[in-house]
Amino acid sequence: MKIKFMFCMLALFFIVACANKDINTSSKEDVLTKDWNEIAKTSKGTEVNLFMWGGDEGINQYIDEWAKPQLKEEYGITLKRQPMNTEEFMQKLLTEKKANKRNGTIDVIWINGANFKNAKQADLLFGSFSQKLPNFQKYIGTDNQIALFDQGTKIDGLEAPWGNVQYVFHYNSTHIDNPPSSLEELKKWIQDHPGKFTYPNVSDFTGNTFVKHLLVKGTGEKSALMAEEYNKEVIQSGEKYVWNYLKEIKPDLWREGETYPESLTKLDTLYSQGEVWMTMGFNEARAESLIENGTFPKSTKSFVLEDPGSISNTHYLSIPFNSPNPEGAMTVINFLESPEAQIAKMDPTLWGEGTVLNFNMLNKMDQKQIKKINRGDSVLSAELLSNNKLPDLDTGYTEWINNEWAKRILEQ
Amino acid sequence: MNGQSGFLNNKKRVITHLLPALAVTMLLVGYGLWSAIAQSFQTIEGEWTFASYVQLFNSHTFFHSLKLTFRVAILSTLLALMIGLIMTRMLYQFFKNSSSKILVWIPILIPHFVAGYLVYLFFSQSGLFSSLFYQLGLLDQRSDFPILVQEEFGIGMILTYVWKEVPFVILMLLPVYYEIDHRYGEVVRTLGGNKWDAFKTVEFPWLLPVIVETSVILVAFIASAFEIPYLLGVTRPEMLPVRAYEWFYDGDWSKRPLAFSAMILPGVLALLLAMLCIGAVQQHRLRMVKGRGR
Amino acid sequence: MRFVFTRLGKRELVTSLMVVIFIAFFILPFVVVTLKSFSVGWRFPELLPQAYSLNGWQSIFRDPSLRESIVTTLMVGLYVVLLNLLLSLPAAKILSICSFKGKSIIEIALLSPILIPGMLLAMGLQFTMIRFGLADQILGVVLVHLIPTLPYAIRIMRAGYERLGTSLGEQASVLGAGPYLRFFTISLPLLLPSIRSLMLLTFVISLGQYALTAIIGGGNVMTLSLLYYPYFSSSNEAVIAGFSILFALLPLLFIGGVEIVLRLVIRAVNRV
């Protein structure tokens with residue numbers, strides 16, 4: 001009896017499961033030919049699912065406590081934040097594409113760089129939508145560098161910029177009076193303080209970008225070229241400097257360079273414990289919330305290497321090919337690119353990261369407001385940051401560092 | 001059973017009772033594995049190739065990883081088994097009539113990655129033990145504390161796995177201990193055998209099948225788990241699951257077949273190991289159960 | 001000291017020693033994690049936190065998805081546990097009392113889900129699940145959670161049945177008891193310890209699944225591990241510690257609820 005009952009249940013499972021609910025609401029072309037008012041109107045009262053990495057309380061609070069109520073009030077849109085690692089929702093989209101699932105569950109994704117390149121190549125994105133957004137047109141512009149290339153991949157309007165961050169180093173000012181300002185000074189500091197410095201494994205994006213700075217220096221600062229294409233000759237001119245530098249500092253690194261922190265989090269933990277005296281990473285203001293919650297010591301300050309400069313990185317919002325609500329997605333992205341949303345994002349108690357909006361295109365009020373924001377004591381001045389700003393390099397260089405580093409440095 | 005008349009009926013019963021569990025398992029594993037194997041032979045564009053396996057077998061790092069992975073897995077399993085066995089032997093009476101059994105459950109309640117984090121908290125050079133020894137004046141600076149996590153032998157990982165798996169071993173062994181007729185042990189001793197003889201002749205035959213099964217499960221699990229090596233391992237040689245994970249989620253999707261094959265190989269190894277071991281103790285086990293039925 | 005030693009027998013001494021070890025190994029870590037969840041910047045070489053705050057817990061309870069995720073987790077867990085019971089009871093019974101050709105092959109087949117890396121199976125199954133419309137649904141997640149749980153469930157129940165033996169059931173059968181009566185009056189009460197272990201273990205395993213849940217549930221089935229796992233790549237240790245405690249408490253809550261239900265059922269059965 002029990003068995004029969006179970007079979008019935010199993011059968012029931014599959015019957016329920018196989019009932020396909022694949023109803024496609026509107027086709028891609030339809031949405032992209034609509035004018036903005038129509039898009040905004042259809043998105044009213046809908047639900048938008050935003051898939052993004054969820055490991056930072058500040059970022060989560062910005063979405064949950066600032067953006068969500070605003071969207072509800074101004075546009076009648078219910079925003080749902082779904083915490084998921086980028087790799088996993090990319091994997092999900094890839095498999096859904098293969099299985100030809102046209103009615104997905106994701107409306108907005110937070111991506112950039114290699115993930116964007118993969119998504120573009122595998123045709124996982126909705127379409128060229130960014131120039132439809134009024135705020136994008138007004139405050140960023142289609143000929144803006146950050147709207148043209150994402151780490152060497154042509155954007156073609158498939159994603160819209162959301163935030164811009166710069167690579168900075170953090171140090172404990174009780175141990176260090178004058179932080180280094182060039183790669184050579186950094187090398188000397190490392191050699192004078194054995195065991196107090198390390199960088200994350202290059203399979204981690206932060207560690208990889210540390211090595212990219214060396215490559216920029218080695219090639220004689222051709223970063224503008226390197227931002228647009230992967231070029232083997234450029235590498236040949238710079239690789240000697242990169243590997244020599246890393247070999248020279250290796251014996252004086254934490255644990256003599258025998259092992260490296262697997263991720264930025266681990267480097268941060270080493271720093272917070274005082275095992276090393278420096279940490280690094282994208283987002284010039286990221287130390288603020290860490291100081292506030294007691295992870296980093298209060299004496300944490302930041303510096304950039306004026307020679308060769310500080311690589312910047314832009315991250316984007318995009319719409320997947322099978323979004324059930326592309327109109328809602330576009331309205332949400334447009335809202336997140338508005339001056340008010342971008343200024344709120346700079347608040348160090350929430351997220352604290354830099355804006356993607358062109359400062360000169362903003363009105364006087366907004367400009368004043370941005371200038372007024374106190375981003376915190378650990379954040380460098382806007383002038384210093386922008387004077388040393390470098391674009392991010394093509395993802396081809398990321399790959400190259402990934403493949404060569406283990407052979408040249410680790411297994412020596 | 002009920003003699004020969006029950007034979008046919010018996011066969012039908014075997015099928016109907018086993019089928020649901022077997023069908024679910026085979027559907028999930030069969031489909032999943034088949035699809036994974038197919039993807040290990042396919043490039044992202046869908047062409048069929050052996051390239052990923054060729055590349056793995058030609059790679060020294062892969063064999064280093066494989067060696068480290070199975071060394072950590074086997075060492076952790078052996079240690080966990082030994083400690084678990086000793087604890088069960090000493091405490092099964094105590095567990096029988098006390099609610100303190102719940103204590104053993106604590107490590108089971110804690111997910112693996114939290115366990116790894118705990119080991120880091122206690123055993124790293126900035127950890128609590130290091131702090132304690134420093135406060136006691138036994139250390140001048142923390143770098144004098146032995147490197148126990150993130151080193152090449154995998155001590156940190158082994159510690160974590162032992163802590164997590166000892167309760168599991170106890171859980172597996174306890175029922176057997178209650179089943180053993182301990183009067184036989186007294187018989188052995190009155191006949192002049194020592195404690196070891198008693199263990200060897202009375203308890204061990206009962207324990208053997210469970211020990212084999214438990215160790216197969218543990219080795220297979222540890223060889224394929226990702227979180228703890230990621231938290232406590234070194235950059236090189238890295239544990240296989242970490243390697244595979246990196247390939248899976250690398251920016252470059254062309255490495256995905258490599259990731260699949262790097263995980264299929266230990267999986268297949270574990271399966272073979274299981275077949276060998278379980279097949280070998282099968283007969284033994286049957287004898288025991290039949291002997292008891294009478 | 002010596003007085004104490006002589007008063008206690010060797011056996012008691014060993015037992016109390018073991019209890020101390022137990023507390024050191026199994027309770028102390030728990031205490032430390034609790035402390036950590038209330039601490040601010042607890043660094044080397046401090047043995048105790050220098051400052052306390054509720055920030056970690058505040059961040060956790062601030063998350064608007066927390067309640068939803070706890071409910072989802074409990075629901076998924078309950079289904080997984082029930083399915084495991086339904087599937088494992090008959091299979092374990094047969095495996096424990098019958099011998100037949102190809103038994104060891106079937107045993108290995110039933111064990112295979114935990115011998116093959118779970119992530120591999122999840123990646124492989126994702127496509128099929130999408131095709132069947134099971135992806136992004138609780139049902140799909142429950143089904144894939146059977147992968148890491150069912151082998152343990154069968155294993156535990158089998159040990160339970162082996163301990164039970166066949167003779168009692170046979171006696172009852174001779175006395176004319178039907179299969180249901182036999183199950184409820186003889187097997188079930190004697191199997192209770194195993195059933196408890198099964199429920200706790202399968203629930204804990206289901207709770208801890210991140211990769212399987214993320215890949216098959218696609219973020220729509222938001223269990224606690226989905227909410228929690230990303231925090232592991234943040235360096236705010238108070239949040240990590242707080243979530244860890246929540247993680248350990250949930251199975252206790254579940255098993256407490258189940259225990260109450262079980263007692264009620266047993267009382268009802270006994271009255272019949």
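In which hand does H9(C) pass H12(C) in their crossing? In this predicted model, the crossing in which H9(C) passes H12(C) is right-handed. Two packed helices are described by the angle between their axes and the distance between the axes. For H9(C) and H12(C), the packing angle is about 160°, and the axes lie 10 Å apart. Because angles over 145 degrees count as roughly antiparallel, H9(C) and H12(C) are roughly antiparallel to each other.

The residues that make this contact can be named on both helices. H9(C) contributes Phe184(C), Pro189(C), Met199(C), Leu200(C), Phe203(C), Val204(C) and Leu207(C), while H12(C) contributes Phe247(C), Leu250(C), Pro251(C), Phe254(C), Ile255(C), Val258(C), Ile266(C) and Val269(C). When these residues are sorted by class, the contact of H9(C) with H12(C) has 15 nonpolar residues, with no polar and no charged residues.

The contact between chain C and chain B takes 68 residues from chain C and 67 residues from chain B. On the side of chain C that touches chain B, the elements giving two or more residues are helix H2 (10-37), helix H4 (66-97), helix H5 (103-115), helix H6 (118-131), helix H7 (138-164), helix H9 (179-208) and helix H12 (237-271) of chain C. The largest share of this side comes from H5(C), which supplies 12 residues. By class, the side of chain C that touches chain B divides into 49 nonpolar, 13 polar and 6 charged residues.

Chain B is also in contact with chain A, through 14 residues of chain B and 19 residues of chain A. The side of chain B that touches chain A consists of 5 nonpolar, 6 polar and 3 charged residues.

The domains within the chains were examined next. Chain B is divided into domain 1 (1-40) and domain 2 (56-293), and the centres of these two domains of chain B, taken over C-alpha atoms, are separated by 29 Å. Their contact takes 4 residues from domain 1 of chain B and 4 residues from domain 2 of chain B, and the side belonging to domain 1 of chain B has 2 nonpolar, 2 polar and no charged residues.

For chain C, the domain assignment gives domain 1 (2-37) and domain 2 (63-271), with 32 Å between the centres of the two domains of chain C, again taken over C-alpha atoms. Here, 4 residues of domain 1 of chain C are in contact with 6 residues of domain 2 of chain C, and the side of domain 1 of chain C that touches domain 2 of chain C has 1 nonpolar, 2 polar and 1 charged residues.

Definitions and conventions: Residues are numbered from 1 along each chain as its sequence is written. Chains are lettered from A and ligands numbered from 1 in the order in which they are written. This is a predicted model: local features need pLDDT of at least 70, side-chain atom pairs count only at pLDDT 80 or more; totals for chains, interfaces and linings use all residues. Two residues are in contact if their C-beta atoms, placed from the backbone, lie within 7 Å. Ala, Val, Leu, Ile, Met, Phe, Trp, Tyr, Cys and Pro count as nonpolar, Asp, Glu, Lys and Arg as charged, and the others, Gly among them, as polar. Domain bounds come from an automatic or database domain assignment. Helices (H or I, at least four residues) and strands (E, at least two) are DSSP runs, numbered from the N terminus. Axes are lines fitted to C-alpha atoms, for helices over the stretch in contact, and angles run from 0 to 180 degrees between N-to-C directions. Angles under 35 degrees count as roughly parallel, over 145 as roughly antiparallel, 65 to 115 as roughly perpendicular and the rest as oblique. A crossing is left-handed if the near helix is turned anticlockwise from the far one by less than a right angle, and right-handed if clockwise.
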